[in-house]
Amino acid sequence: MATSFAELRHLLPRRRQAVALAVSVTAMTALPLAGPQLTRAFVDDAIGGTGLRHLTLIALGYLAVAVAGQAARMVTTWLASRLAWDGTDRLRERLARHALGLDLRFHARHTPGELIERVDGDVVAVADFVVAFLLDVVAGVLLLGGVLVVVFAVDPRLGGVLLVYCVLAGWGMARAQRLAVPSAARSRAADAEMLGALEERLAGAEDIRANGAGEHVVRRFHQSAAAWYRAELRGSTVGSGLIAGTAVVFAAGTAVVLAMAAWGRQSGTLTVGTAVLLFQYTLMVRTPFERLIDRLRDYQAALAGVARIGELLAERSTLTEPARPRPLPETGALGLELDGVGFAYDDERVLSDVTLTLAPGETLGLVGRTGSGKTTLGRLVLRLHDPVEGVVRVGGIDLREADPGSLRRRLCVVTQDVQLFSGSVRDNLTLFRPVAADSDRPGGDWPGEDRPRDDWPGENWPGEDRPGEDRLGGDRPGDGRLLAALAEVGLAEWLAGVPGGLDGELGGVSAGEAQLLAFARAFLADPGLVVLDEASSRLDPATERRIERGIDRLLAGRTGVLIAHRLSSLAKVDKIAVIADGRVVEYGRREDLAADPDSAFARLLGLAGVRG
C-alpha cells in the first residue's frame, strides 16, 4: 500500500496551481460563513425597527456573498478537475509504461480488457475522488472548523455540544468506512473480470459463431455479470445504509441544537437573530458530512483503485534490468549462441539443454511438432523470456546483460499473427516512429537500391517525380525507404490503390497483405538478427513465392532463425535443428541432414514431399 500511495505523487500540482487552488478553496469556505452573520443582522435589525433602506443593503450584501460563494465553488471545481486530470494522466502513463514493460508471463495471466480497466478505470476512480476530496473533504473540514469557532464564540455551551456531536459522527463514519471499502474493492474486481471476459469473447466472435459456442459464451457471461451484480448490490446496500443512518443522526442533532437555541432565546441570553444564526450554522455542519457520505462511494472506489494500482505496480518482470547494460554491435549481422538453455512455464518444463550456435550471417531452421518448444526458443532469442538455466548470447553478449534499447533496435521478429493499428499506412509501417532520410541511414543498401529499374513493380522508381506521386506520399524525409520497403514485398500496386497513399487510412486488408506489411516493417528496422515465426503460414502459394525473394533479401547479410511447418520455406537455410519434447534431437548443416536418409530431417522432408 505504501508503494501505491507513493505513486500518487503524480497527482501533486505545481506551485502556482497549488496557490490558485488554495485561494479558491479558502474563498469557497469563508464566503458561506459570512452569510449567517448577515442573516442575524437582518433579523435583529428588522425586529428593532431599522429602516427599509438599511435592510435592503443587508439583503443585497447577503445576495452578493451567496453569488460570490457559488462563483468560488465553480472556480474551485474547474481548478480541481483540471489538476486531477493532469495528474491522473501522468499516473495513467506511468501505469501503461509499467504494464507494457512486464513480461509475457504476466500478460498471459491477464486479459487486455482487465488491464484496460486497471490502467484506466482505477485511475478514473482516483481522479473522481481527488476532485471530491478537494471540494467536499478539504473544503468541508475547513467549513466545519469555521462553524465550530463561530458557534463557540457565540455560545460556548452550544459549541461544546456541537463539537462532541461532530466527533461522534466522524467516528461513526470512520467505522462504517471500514465495512464499505472491501465491498467496493470486490465490486471493482468483479467489474474488471467481467470486462476482461467480454473483451476476450468479442475478439473471438467469429470462431464462437462458426463453431456454435454462442450458448456457452452467453452462459459464462451471465455468470460473470451475476457475480458483478451481486458485488455491486452488496456495495450499494452498504452505501445506502450509511446514507440513511446519517440522515437520521443529523436530523436528531439538528433538533437538539435548535431546542437549545430556543431555550437560550426564552432565557434572554440569545436574540432571535442569533438563534437563526445558530440554526443556519447547524445546517452547515450537516452539509460537509452529507457531502462526504455522498462521496463515500468515490472514496471507496478510490481506495480500491489505489490498492489495485499498487498491486499492478508491485508486479515485477522476470526480465531483470542489467546493472551495466552492454550495447549490441550497431551494424552487421549478429552471431547467436544458446549454451545449455532450459526454460519452464511455472512448473511445466518446456526446453531442456538446448545448445545451438550460429555465426554472423548464418540462418537456422527450427522444425518440430506443434508444442515442441520452437516458438518459446524464438522468444528466448528475442529476450521475451529469460532462460531458467544456461545462457543466450547475441553478438557475444549475454542477453541478460544487453541494453534493452539496443536489443530492440538490432533484433526483429515477424510472426503469423500481425498486429495492425488504427492509423495511416505510414503509421503501421513505422509503428508511429519517425524514419530517417535515406542519406541519414547508417551503412548498408536499402532493399531495391541495386535493383534494375525494369525489375521494379510498376512504371517508376520509388521517389521519382511522377504523376500522382503526391497520392502515395513521398514528400517527407525517409519516405523513399517506406516506398522501397513496400515495393520489395510486392505491395507497390496495393499502395497505389490506397486513397492518400502512405498517409491514407489503413482499411481492411487481407491476411496475406497484413503479413507482407509485417515484412516491410522488418525491412525498415534493418536488424542484425531476424526471427521469422511461421511468417509465411498465412500466405497462399502465389503470395508466398512473391515474398521469397523479399525474405532472401531480408536475410542477406543478417543472421536468421526461421520457425516453420512448411519445410519448403527452409530450402535455403544454412542449418537445421529438429526439436522434440523441448530438446534438440538433431542439429547440423541442412545439406548434410537432407542427404542422410537416416536423419529425422530427411524423414520429415519425405513425409512433406519436399526434395532435399
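**Helices, a sheet and some salt bridges**

Okay, ground rules before we dig in. This is a predicted model, where local features need pLDDT of at least 70 and side-chain atom pairs count only at pLDDT 80 or more, while totals for chains, interfaces and linings use all residues. Residues are numbered from 1 along each chain as its sequence is written, and side-chain values use heavy atoms, with hydrogens and water left out.

So, the overview. The protein chain has 19 helices and 10 strands; helices here are DSSP runs of H or I with at least four residues, strands are runs of E with at least two, and both are numbered from the N terminus. Of its 612 residues, 45% count as buried. For that, buried is under 20% relative accessible area, exposed is over 50%, and partly exposed is in between, with a 1.4 Å probe and protein chains only. Now contacts, meaning heavy atoms within 4.5 Å: among those between residues at least 6 apart in sequence, 76% join residues at least 24 apart.

Let's look at helix α5, residues 112-154. It has 43 residues and spans 60 Å from first C-alpha to last, close to the 63 Å expected at 1.5 Å a residue; the expected span is 1.5 Å times one less than the number of residues. Where does α5 kink? The kink is centred on F133 and comes to about 40 degrees, the bend being the angle between axes fitted to the seven residues ending there and the seven starting there.

On to the sheet. It's an open one, with 4 strands in the order β2-β1-β4-β5 and antiparallel pairing. Its edge strands are β2 and β5 (397-398), each pairing on one side only. Two strands pair if DSSP finds at least two bridges between them. Between β1 and β2 (residues 348-358) there are 7 bridges, and V341 has V354 in β2 as its bridge partner. These two strands make a hairpin with 2 residues between them, and D346 in the turn has a positive phi of about 55 degrees. Helix α11, residues 374-381, lies across β1, β2 and β4, at about 120 degrees to β1. That angle uses lines fitted to C-alpha atoms, for helices over the stretch in contact, and runs from 0 to 180 degrees between N-to-C directions.

Last topic: charges. A salt bridge here is a side-chain nitrogen of Lys or Arg within 4 Å of a carboxyl oxygen of Asp or Glu, and the count is 19.

Take R109 and E315, with their closest N and O atoms 3.6 Å apart. R109 sits in helix α4 (residues 104-109) and E315 in the loop between α10 (296-314) and β1 (336-345), so this pair ties together parts 206 residues apart in sequence. R109 is exposed at 53% relative accessibility, and E315 is partly exposed at 25%.

Is the D386 end of its pair buried or exposed? Buried, at 12%. Its partner R383, 2.8 Å away by closest N and O atoms, is buried at 7%.

Finally, R589 and E591 meet at 4.0 Å, N to O. R589 is partly exposed at 30%, as is E591 at 46%. Salt bridges with shared partners join E362, K575, R589 and E591 into one network.
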